[in-house]
Amino acid sequence: MVERQLSDVTLDRLRTMIISNELRPGMKLVDRALAGVLGVSRTPVREALGRLVEIGIVDSRERGFYVAEADSRRVADLYFLREILEMGSIQLAAANVQPTDILELRDILAQIEKLQANPGLKGEEVRLGLTIHQVLARSSGNGAIQQALDRLLDQMLTFIWMEVLNESDEASATSHREHKLLVDLVEAGRGQDAAEVIQVHLRSAREHVISVMRVREAMFAPARASLPKDVVHHQPAGPPPNQ
């Protein structure tokens, strides 16, 4: 495995450990201990920690790295920004989308339908769901919006996973129907209608994630004073979501 791939896998595994609460808010992250847990050298662990700081789910302080505290307010802020970007970009997409973009979007929707019958492939389903939003942003013809949304989704990926891992089958089916409707509306050139659908789609996701975050905040607040100084886990984490 080349160094870049190893760093990406390490990033995914650490992110999974944070999402699953194996690494709890406020816990100190020691690269040597994490390297032992994950069965890798310290170099990809340090690189992954640096990228997790950029994403916003790990804090870098004078004495090391720590899992960022659960913060529902930050989630709300990020979703608000995402709503602004996507409502604007999808209206542009309705005016500028190309037939090849629609074919790509239809293909992604078909792949998602096949994956829905296999819960073990949830990671791939999430990736494809986000790709729909990225293709729609690309179809807007506005490169600045596309780049801004790509960076924002990277920051939000952990919160998106919290939403998906805690959603019901009904909520998952609703999300898929909304994705199909968005593609239909964009293909028909109905930008304002598409913007209204994506607003509802994102606000529903935001409220669900915030409810999950508030549970986490309540769960971990009483225990933070007794958190261990270092990571002491000795069982390897499970496979990353996108494996």
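A: Happy to. Let's start with Glu83, which forms a salt bridge with Arg203, the closest N and O atoms being 3.0 Å apart; a salt bridge here is a side-chain nitrogen of Lys or Arg within 4 Å of a carboxyl oxygen of Asp or Glu. This pair links distant parts of the chain, 120 residues apart: Glu83 belongs to helix 4 (residues 72-96) and Arg203 to helix 9 (residues 191-220). Helices are DSSP runs of H or I with at least four residues, strands are runs of E with at least two, and both are numbered from the N terminus.

Before going on, a word on the model itself: it is predicted, local features need pLDDT of at least 70, side-chain atom pairs count only at pLDDT 80 or more, and totals for chains, interfaces and linings use all residues. Residues are numbered from 1 along each chain as its sequence is written, and side-chain values use heavy atoms, with hydrogens and water left out.

Back to the first pair. Glu83 is buried, at a relative accessible area of 6%, while Arg203 is partly exposed at 38%. For these words, buried means under 20% relative accessible area, exposed means over 50%, and partly exposed lies in between (1.4 Å probe, protein chains only).

Next comes a pair within one helix. Arg127 forms a salt bridge with Glu124, and their closest N and O atoms are 2.5 Å apart. The two residues are three apart in helix 6, so about one helical turn separates them. Arg127 is partly exposed, with a relative accessible area of 39%, and Glu124 is partly exposed too, with 26%.

Helix 6 is mostly covered, with 14 of its 18 residues buried. Just after helix 6, Gly141 takes a positive phi of about 80°.

Arg206 is buried, at a relative accessible area of 18%, whereas Glu207 is partly exposed at 43%. Elsewhere, salt bridges that share partners join Asp31, Arg42 and Arg46 into one network.

As for the overall tally, the count comes to 15 salt bridges.
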